[in-house]
Amino acid sequence: MTRDDAAALDAADPLAPLRQRFRIPPGLIYLDGNSLGVLPADAPARVAEVVEREWGQGLIRSWNEAGWIALPQRVGDKIARLVGAGPGELVVADSTSVNLYKVLAAALDIARAGDPARTVIVSERHNFPTDLYIAESLARERGCELRLADTPEAIAAQLDSRTAVLMLTHVNYRSGRMHDMAALSQAAHAAGALAIWDLAHSAGAVPVDLHGAGADMAVGCGYKYLNGGPGAPAFVWVHPRHVERFWQPLAGWIGHAAPFEFTPGYRPAPGIARYLCGTPPVLSMAALECGVDTVLAAEPLGGMRALRAKSLALTRLFADEVGSSCPGLALASPREDALRGSQVCLRHPEIGYPVIQALIARGVIGDFRAPDILRFGFTPLYLSHVEAWDAARHVAEVLRTGEWRRPEFNRRNAVT
Ligand SMILES: *Cc1c(COP(=O)(O)O)cnc(C)c1O
C-alpha cells in the first residue's frame, strides 16, 4: 500500500470527524490508547465546571442537585450500551483489580453454595498479572486453587466438576489475542462453572455482547479505550440472575440499601448498586463520562460495528506494512481478524525496549511489555490510516538507521 492509498481510505472514512472530539498534540502518532486514552476535548471544561460550579459553589448540595450520587449508575448505563448489558445492570466504581475481587469472591460463594467441592478458579498463565494476583490472594484466603492454562487452546480442558469459575481477559493485554467469549462461557457452564470476563482491552475497542455471549460477570477499565483519564474508575457488571444471590465482600455504605439511614447492620442495595463500596470519585467520574461520550458519539455513525471495521483495517495495514519492511520483527498478535483485538504486537528477542524509546522520541507512542513485546494500540475513534502507515515507516527507519542503539534509548524508566 502507498501513502496515497492510505490517504484515500481516510478520505472515505465515515468515522474521521470523531477525531475532533479529542485534543491530540500536533504531530504525535498516539498508539497507546490501549494503556491511556487521549484527552477528550470536552473534558477540561467539564472537569473545570464540576470543580468551580458544582464543588466551588454547590458544595455538599451537589450530591443531590448536580446528581453526584447517581454518577456510578449514570455513567454505568452509558458503558452498558457498549458491552451488551442492560440499563441498571452496570456501575462504575473502584479499580478493575478491586472490582475483580468483588465478582470473583461472589462467584466463588455462588459456586460453593451449589457444590462445596467446587474450589478451583481456572484462568490462563498469560492473563494480566493483577487478575492473577487477585485470584491468587482469594484462593489463599478461601482455601481454593488457581489453575492456569498455558495456551488459549488448553483452557477448555482445564474445566471440570471442581471448577467454580472461569476467569479470563477477553482481549489479551500482551498479544492482542481475543477469546471467543460465547464459546468459553458455554464451556464453563457445561462444566457447571461461572464465567467472569475482564473487558479492560475490549470496552470501547471491540463489540461485546455480555448477554448474548452468556457471561455471568464482567469488569473493565475506564482509562484505556474509554478515554476516562489517568486512574479513571473502572466498571462492574453482574448478570441479573446472580446479582442478588450474594453479598460482594467489600460491603460499604454506598452499597447499602439505605446509606443515609446510618444503621449499624449491612443490608445490601437491590441490584448492581450493592457492588458499590465507598463514595464515588466525582472529579474522575466527570472526566470518565466525557471519555465514554466520545465512544458513544460513534453510535449514529455505526457504533461499535463501524469502530471495529476501522480498527481491523488499521491494525491490518500496520501489521502488513511492518511485515514487508521489517523482517527482524515477528508479528506476535493474530493475523486472523476474528482473533485480534484492537492492537498489534511485534516481538524482538533483544531490542524491543530501545526501539520503542526511539519511536517515542520520534513522536510515535507505543509501549514495551517485558520481556520482548513492542505493543501498538489502535483507537479507531481518532487514528487515521495515514498515521498507521507513517508509524510503520518510522519503525522501519528506527531499525534501518540503528537509532535504537543510542544510550538514552537503552535506560529503563519505571513505567515502560
Ligand atoms: C489495565 C488492566 C487492568 C488494570 O487494573 P487496575 O486495577 O485499573 O490497575 C486490569 N486487568 C487487565 C486485563 C488490564 O488490562
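**Pocket, ligand, cavity**

I began with the lining of the largest pocket, whose residues divide into 8 nonpolar, 9 polar and 7 charged. My classes: Ala, Val, Leu, Ile, Met, Phe, Trp, Tyr, Cys and Pro are nonpolar, Asp, Glu, Lys and Arg are charged, and the others, Gly among them, are polar.

A note on the source: this is a predicted model, in which local features need pLDDT of at least 70 and side-chain atom pairs count only at pLDDT 80 or more, while totals for chains, interfaces and linings use all residues. Residues are numbered from 1 along each chain as its sequence is written, and side-chain values use heavy atoms, with hydrogens and water left out.

I looked up the volume next: the largest pocket has about 350 Å³ (the space filled by probe spheres set on grid points joined across faces, edges and corners). Of its 24 lining residues, Phe128, Thr130, Cys221, Tyr223 and Lys224 are the closest to the centre. A pocket here is an open set of points on a 1 Å grid over the protein atoms alone, with protein on both sides within 12 Å along at least five of seven lines; a cavity is a set where a 1.4 Å probe fits but cannot get out; lining residues have an atom within 4 Å of a point.

Which element gives the largest share of this lining? It is α6, with 3 residues.

Then the ligand: I found it in the largest pocket (more than half of its atoms lie within 2 Å of the pocket's grid points). Two elements give two or more residues to the shell around the ligand, α5 (96-114) and α6 (129-142) (helices are DSSP runs of H or I, at least four residues, numbered from the N terminus). The shell includes Ser95, Phe128, Asp131, Asp198 and Lys224, each with a heavy atom within 4 Å of the ligand.

I checked polar contacts (N or O pairs within 3.5 Å). A polar side-chain atom of Asp131 is 2.9 Å from a ligand nitrogen, and one of Asp198 is 2.9 Å from a ligand nitrogen. The protein buries 87% of the 390 Å² that the ligand exposes when taken alone (Shrake-Rupley, 1.4 Å probe).

Last, I searched the whole structure for cavities of 30 Å³ or more and noted 1. At least two lining residues come from each of α2 (43-57), α4 (71-83) and α10 (282-296).

Conventions: Polar contact = N/O pair within 3.5 Å; in protein donor to acceptor, adjacent residues only side chain to side chain.
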